[in-house]
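Here is a short tour of one chain, written for someone who likes to know the cut-offs. Have the viewer open as you read.

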Amino acid sequence: MVKVKKEKRKSEGDEPEPIKAKKEKRKSEGGDEAEPEGPSYEELVKNVSQIASPLAPRKLAKRLYKIIKKAQKIKQLRKGVREVQKFVRKGEKGLVVFAGDTNPIDVICHMPLVCEETGLPYCYTPSKENLGAACGSRRPTCMVMIKSHEDYKDLYDDCYNAVKGLPLPL
(Lines give C-alpha, C1' and ligand atoms only; values in the text may rest on other atoms or scores of the structure.)
Protein backbone atom coordinates (compact mmCIF):
# COMPACT_ATOMS: atom_id res chain seq x y z
CA MET A 1 0.00 0.00 0.00
CA VAL A 2 1.44 3.36 -1.04
CA LYS A 3 0.84 6.46 1.08
CA VAL A 4 -0.01 9.57 -0.81
CA LYS A 5 0.48 13.05 0.60
CA LYS A 6 -2.54 15.24 0.40
CA GLU A 7 -1.92 18.83 -0.55
CA LYS A 8 -3.89 21.61 1.00
CA ARG A 9 -5.48 23.69 -1.68
CA LYS A 10 -6.14 27.32 -1.07
CA SER A 11 -9.24 28.85 -2.42
CA GLU A 12 -8.71 31.65 -4.88
CA GLY A 13 -10.11 34.30 -2.51
CA ASP A 14 -7.65 33.63 0.34
CA GLU A 15 -4.77 36.08 0.74
CA PRO A 16 -1.67 35.24 2.69
CA GLU A 17 -1.58 36.85 6.11
CA PRO A 18 1.20 39.39 6.64
CA ILE A 19 3.91 38.37 9.07
CA LYS A 20 4.08 40.66 12.06
CA ALA A 21 7.61 41.35 13.27
CA LYS A 22 8.16 41.74 16.98
CA LYS A 23 10.19 44.73 17.94
CA GLU A 24 12.55 43.90 20.75
CA LYS A 25 13.96 46.45 23.12
CA ARG A 26 17.69 46.37 23.58
CA LYS A 27 19.29 47.05 26.91
CA SER A 28 22.08 48.98 25.21
CA GLU A 29 19.71 51.56 23.69
CA GLY A 30 19.56 54.63 25.84
CA GLY A 31 16.51 56.72 26.61
CA ASP A 32 14.00 53.92 26.99
CA GLU A 33 13.15 52.84 30.49
CA ALA A 34 13.12 49.09 30.92
CA GLU A 35 9.79 47.67 32.03
CA PRO A 36 9.91 45.57 35.20
CA GLU A 37 9.96 41.89 34.34
CA GLY A 38 7.77 40.68 37.18
CA PRO A 39 5.59 42.05 39.92
CA SER A 40 6.90 45.01 41.92
CA TYR A 41 8.42 44.71 45.38
CA GLU A 42 5.21 45.97 47.03
CA GLU A 43 3.11 43.35 45.23
CA LEU A 44 5.51 40.61 46.31
CA VAL A 45 5.44 41.79 49.93
CA LYS A 46 1.65 41.26 49.98
CA ASN A 47 2.21 37.50 49.53
CA VAL A 48 4.77 37.20 52.33
CA SER A 49 3.96 35.03 55.34
CA GLN A 50 3.32 36.58 58.74
CA ILE A 51 6.37 34.98 60.35
CA ALA A 52 8.75 36.34 57.67
CA SER A 53 10.68 38.70 59.90
CA PRO A 54 13.14 40.37 59.41
CA LEU A 55 12.17 41.14 55.81
CA ALA A 56 14.93 42.66 53.67
CA PRO A 57 14.14 46.12 52.30
CA ARG A 58 14.10 46.58 48.52
CA LYS A 59 17.72 47.76 48.19
CA LEU A 60 19.07 45.05 50.47
CA ALA A 61 17.08 42.41 48.58
CA LYS A 62 18.64 43.56 45.30
CA ARG A 63 22.12 43.41 46.84
CA LEU A 64 21.40 39.94 48.20
CA TYR A 65 20.29 38.72 44.76
CA LYS A 66 23.45 40.21 43.28
CA ILE A 67 25.75 38.48 45.76
CA ILE A 68 23.86 35.20 45.29
CA LYS A 69 24.57 35.38 41.56
CA LYS A 70 28.26 35.97 42.22
CA ALA A 71 28.43 33.16 44.78
CA GLN A 72 26.73 30.75 42.38
CA LYS A 73 29.35 31.39 39.71
CA ILE A 74 32.19 30.32 42.01
CA LYS A 75 30.30 27.55 43.83
CA GLN A 76 30.10 29.27 47.23
CA LEU A 77 26.36 28.78 47.61
CA ARG A 78 24.21 26.25 49.43
CA LYS A 79 20.65 26.16 48.15
CA GLY A 80 17.57 24.27 49.19
CA VAL A 81 16.14 23.36 52.56
CA ARG A 82 17.94 20.03 53.00
CA GLU A 83 21.37 21.23 51.93
CA VAL A 84 21.32 24.45 53.96
CA GLN A 85 19.94 22.67 57.02
CA LYS A 86 22.65 20.00 56.84
CA PHE A 87 25.52 22.47 56.61
CA VAL A 88 24.14 24.85 59.25
CA ARG A 89 23.90 21.95 61.70
CA LYS A 90 27.46 20.90 60.78
CA GLY A 91 28.67 24.37 61.76
CA GLU A 92 29.35 26.00 58.40
CA LYS A 93 29.31 29.82 58.54
CA GLY A 94 27.60 32.16 56.12
CA LEU A 95 24.62 34.38 55.47
CA VAL A 96 21.21 32.68 55.28
CA VAL A 97 18.43 34.04 53.07
CA PHE A 98 14.87 32.67 53.23
CA ALA A 99 11.97 33.17 50.85
CA GLY A 100 9.07 34.87 52.59
CA ASP A 101 6.36 33.45 50.35
CA THR A 102 7.13 29.79 51.03
CA ASN A 103 3.95 27.77 51.28
CA PRO A 104 3.47 25.87 53.58
CA ILE A 105 5.71 27.89 55.89
CA ASP A 106 6.20 24.80 58.09
CA VAL A 107 8.88 23.69 55.64
CA ILE A 108 11.32 26.37 56.85
CA CYS A 109 9.84 27.72 60.09
CA HIS A 110 12.35 25.86 62.30
CA MET A 111 15.44 27.24 60.54
CA PRO A 112 15.45 30.81 61.94
CA LEU A 113 15.73 29.35 65.43
CA VAL A 114 18.61 27.10 64.35
CA CYS A 115 20.33 30.13 62.78
CA GLU A 116 19.92 32.15 65.98
CA GLU A 117 21.37 29.30 68.07
CA THR A 118 24.42 29.01 65.81
CA GLY A 119 24.86 32.79 65.51
CA LEU A 120 24.20 33.04 61.77
CA PRO A 121 22.52 36.20 60.48
CA TYR A 122 19.41 35.59 58.40
CA CYS A 123 16.68 37.51 56.62
CA TYR A 124 13.71 36.96 54.35
CA THR A 125 13.23 38.13 50.78
CA PRO A 126 9.72 38.48 49.36
CA SER A 127 9.90 35.96 46.50
CA LYS A 128 11.11 32.38 46.15
CA GLU A 129 10.98 32.75 42.36
CA ASN A 130 13.44 35.65 42.46
CA LEU A 131 15.62 33.75 44.92
CA GLY A 132 15.70 30.74 42.58
CA ALA A 133 16.43 32.94 39.57
CA ALA A 134 19.36 34.54 41.41
CA CYS A 135 20.72 31.03 42.01
CA GLY A 136 20.71 30.42 38.28
CA SER A 137 17.78 28.02 38.38
CA ARG A 138 14.31 28.12 36.89
CA ARG A 139 13.05 26.33 39.97
CA PRO A 140 11.97 28.46 42.96
CA THR A 141 14.20 28.10 46.02
CA CYS A 142 13.07 28.45 49.64
CA MET A 143 16.43 28.92 51.31
CA VAL A 144 20.01 29.85 50.42
CA MET A 145 23.24 30.13 52.39
CA ILE A 146 25.97 32.39 51.00
CA LYS A 147 29.53 31.59 52.04
CA SER A 148 32.24 34.24 52.21
CA HIS A 149 34.83 34.46 49.42
CA GLU A 150 37.61 36.88 48.41
CA ASP A 151 36.02 37.69 45.02
CA TYR A 152 33.02 39.45 46.56
CA LYS A 153 34.30 40.17 50.08
CA ASP A 154 33.26 43.87 50.13
CA LEU A 155 29.69 43.19 48.98
CA TYR A 156 29.45 40.21 51.34
CA ASP A 157 30.56 42.32 54.33
CA ASP A 158 28.06 45.06 53.44
CA CYS A 159 25.20 42.56 53.18
CA TYR A 160 26.34 40.68 56.30
CA ASN A 161 26.35 43.86 58.41
CA ALA A 162 23.05 45.06 56.94
CA VAL A 163 21.33 41.73 57.69
CA LYS A 164 22.86 41.59 61.16
CA GLY A 165 21.52 45.11 61.79
CA LEU A 166 17.94 44.15 60.94
CA PRO A 167 15.68 43.84 64.01
CA LEU A 168 15.03 40.23 64.98
CA PRO A 169 11.49 39.10 65.82
CA LEU A 170 10.56 38.81 69.48
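From the N terminus on, the elements run α-α-β-α-β-α-β-α-β-α, giving six helices and four strands. Helices here are DSSP runs of H or I with at least four residues, strands are runs of E with at least two, and both are numbered from the N terminus. This is a predicted model, in which local features need pLDDT of at least 70, side-chain atom pairs count only at pLDDT 80 or more, and totals for chains, interfaces and linings use all residues. Residues are numbered from 1 along each chain as its sequence is written, and side-chain values use heavy atoms, with hydrogens and water left out.

Of the 170 residues, 36% count as buried (under 20% relative accessible area, with exposed over 50% and partly exposed in between; 1.4 Å probe, protein chains only). Contacts mean heavy atoms within 4.5 Å; among those with a separation of 6 or more, 79% join residues 24 or more positions apart.

Now for helix α2, in numbers:

| Feature of α2 | Value |
|---|---|
| Residues 58-73 | 16 residues |
| Span, first C-alpha to last | 23 Å |

The buried residues of α2 are L60, A61, L64, Y65, I67, I68 and A71. An α-helix has 3.6 residues a turn, so residues three or four places apart point the same way. Just after α2, K75 takes a positive phi of about 60°.

Finally, is K147 buried or exposed? K147 counts as buried because its relative accessibility is 15%. K147 sits in the loop between β4 (143-146) and α6 (153-165). Leaving aside neighbours within four places in sequence, K147 contacts Q76, R78, E92, K93, Y152 and Y156.

Technical notes
The expected span of a helix is 1.5 Å times one less than its number of residues.
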